[in-house]
Amino acid sequence: MNYKLSKNERLHSKKSIKELFDKGSSFFLYPFKVLFLEAGDSETNQVLFSVSKRKIKRAVNRNYVKRRMKEAYRLNKHLLDTVEPDKKRHVALIYVSHELQSFQDIQPKIVKILTRIAKTETP
RNA sequence: GAUGCAAGCCGAUUUGUCGCCGUCCCGUCUUUGGGCGGGAAGGAGGAAAGUCCGGGCAACAAAGAGCGCCAUACUUCCUAACGGGAAGGGCCCCACUCCUAUGAUGUGGGGUACAGAUAGUGCCACAGAAAACAAACCGCCGCGAAACGAUGUCUCGGGGUAAGGGUGAAAAGGUGGGGUAAGAGCCCACCGCUCCUACAGUGAUGCAGGAGGCAGGGUAAACCUUAUGGGUUGAAAGAUCAAAUAGGCUCCGGUCCAAGGGCUGCUCGUCCAAUCCCGAUCCGUCGGGAACCCGGAGUGGGUAGAUCGAUAGACCCUGCUUGCGAAGGCAGGGCUAGAUAAAUGACAAAUGGCUUUUGCCCUCGGGCAAAGGUUACAGAACCCGGCUUAUAGGCUUGCAUUUUUU
RNA sequence: GAUUCCGUAGCUCAGCUGGUAGAGCAAUACACUUUUAAUGUAUGGGUCCUGGGUUCGAGCCCCAGCGGGAUCA
């Protein structure tokens, strides 16, 4: 099993991010807002994590949340390929809570989100 | 030993599994840009924070001077520079000592935005007679007039007076004596204040002597004056390379005998339609060139993106040395993050520190064991020097208080 | 990374170049009404974000901090 999360699996292109936010489908699963979009030209699934400065003031706490989100995605990203292994997507995970949550709280939510995205038919 | 204050320093460790970032090495693939796999060593701070100052660096601007704006403000020094720091001076507060009823000198500690109020303007509520070119409410003291209970009392008028009362944060040098009708720096002594001179000190200033009868309340963290400094912007600065697409420019070729447009589902066909310049002309046109259009090549700017800026520096450690000190000099050694939708981690366990409860021991303050809790503040974003603020817990040094022992 | 503004009653805001902190809404009580609402009268309610400083005196001036908002590609 591949548990890595290298740079080409992270979404960092300004253009792709703009496209994702303009055209992507979205849903809420507290404490996350999720955007995703099918990307035909991409070789892998690409993901971005966002924690707002408005929601969480301290840089230390923002890092705390982002690292746990990354870990949860890294350990469960295979769930995206369970239904249609060839379909690749761009995904944005946005943390919208004001409070910190532990890894034990975050991981089950991420698992739920990834299975839901995998089952969704994107037109 | 305990407690408190001040200064300085440290600010968790280990193991396992899975990862992230750049550097180097090896292998492999390759479109020579790089991709993939493996390995090695490295990877947040004392404040990385706040962005309160200063500098480097960069772009732009710039004859010089003045006005304006902003900042700073005892002195000397340190420094690349500073609003930072060191040493010193003045002032204020506290303690001790001395003397005494109020202070003095000395010692120690703490604080201090500490230039100018005699350059000018403004403000000083309420209370109070009066709040700034002083002022007469009560009071005190003469003078004049009237009355009467007649050498006094009271009333009125017109004066003198800042000693006393009362108000206030503040009432126009203080204390004592002389003086006076009563008083008053009116005069005198001491203290204070201002000015001048000598001496000591680089200087702030100190100290001594002399002169002046005292003019001059506070507020500049009110406007302001004086002196000094500041060009503006800020890495989102700036530099280099530059895909695709669409423009610009240049060149070549084609069309111009026709480009283009309409009719038609399409071809053929047919109809409409030909800008400018030069030359020739029988004035009908003809020839050449340009433009338009089509195709190709090159090239400039520049977007996405990439690289640099950007991590070896006013650097760190040790020793010697100069200086009271901040700091400087010399010698030796060291290399210590470099990301960019933004790495330095996640999970689990153990250990250590601190602490709570229970049990046992004992020199009554600790030790041991078990269980539990807690392990802070905080995340580089161009770099550096400071300042300020946050911080579980621990260590060192100095001072003060207290207890015990000697 | 840079710039800038705000913090006053439960809420929304005033407070002039410093002198005893106010308005509207809300709250409480009373009146009116069969009752409620509306209306009227009265009342209470303030660490002027925090700490320090200047001043006789600070919501206002100065310094430091805390919290919140906005702008700049």
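**Briefing: a predicted protein model with RNA strand B**

Leaving aside neighbours within four places in sequence, Phe-32 is in contact (heavy atoms within 4.5 Å) with Phe-27, Met-69, Ile-94, Tyr-95, Val-96, Ile-106, Lys-109, Ile-110 and Ile-113. This is a predicted model, in which local features need pLDDT of at least 70, side-chain atom pairs count only at pLDDT 80 or more, and totals for chains, interfaces and linings use all residues. Residues are numbered from 1 along each chain as its sequence is written, chains are lettered from A and ligands numbered from 1 in the order in which they are written, and side-chain values use heavy atoms, with hydrogens and water left out.

**Nonpolar cores**

- A nonpolar core is a set of buried Ala, Val, Leu, Ile, Met, Phe, Trp, Tyr and Cys residues joined through side-chain atoms within 4.5 Å.
- Buried means under 20% relative accessible area, exposed over 50%, and partly exposed in between (1.4 Å probe, protein chains only).
- The largest nonpolar core has 24 residues. Phe-32, Val-34, Met-69, Leu-93, Ile-113 and Ile-117 have the most contacts inside it.
- At least two residues of this core come from each of E1, E2, strand E3 (46-51), H2, E4 and H3.
- Helices (H or I, at least four residues) and strands (E, at least two) are DSSP runs, numbered from the N terminus.
- H3 gives the largest share of this core, five residues.
- Another core, of seven residues, lies apart from it and includes Leu-11, Leu-35, Leu-37 and Ile-94.

**Helix H3**

- The 17 residues of helix H3 (residues 103-119) should span 24 Å at 1.5 Å a residue, and the end C-alpha atoms are 25 Å apart, which agrees. The expected span is 1.5 Å times one less than the number of residues.
- Ile-106, Ile-110, Ile-113, Leu-114, Ile-117 and Ala-118 are the buried residues of H3.
- They cover an arc of only 130 degrees around the axis, which puts them on the same side of H3. The arc is that of the directions from the helix axis to the C-beta atoms.
- Exposed residues Gln-104, Lys-112 and Lys-119 sit on the face of H3 turned away from its buried side.
- Strand E1 (25-29), strand E2 (32-38), helix H2 (59-76) and strand E4 (89-95) are among what covers the buried residues of H3.

**Helix H2**

- The buried residues here are Arg-62, Val-65, Met-69, Ala-72, Tyr-73 and Asn-76.
- They fall within an arc of 100 degrees seen down the axis of H2, so they line one face of the helix.
- These buried residues pack against E2, E3, E4 and H3.
- The face turned away from the buried side of H2 carries exposed Val-60 and Arg-67.

**RNA strand B**

- RNA strand B is surrounded by 22 residues, the closest being Lys-7, Leu-11, Asn-63, Arg-68 and Arg-74. A residue is near a strand if one of its heavy atoms lies within 4 Å of it.
- Sugar or phosphate accounts for 77% of the atoms of RNA strand B within 4 Å of the protein, and bases for the rest.
- An N or O atom in the side chain of Glu-71 is 3.4 Å from a base nitrogen of RNA strand B.
- H2 supplies the largest share of the surface near RNA strand B, eight residues.

**A cis bond**

- Tyr-30 and Pro-31 are joined by a cis peptide bond, with omega about 5 degrees.
- Pro-31 is in the loop between E1 and E2.

Methods
A polar contact is a pair of N or O atoms within 3.5 Å; within protein, one must be able to donate a hydrogen and the other to accept it, and residues adjacent in sequence count only if both atoms are side-chain atoms.
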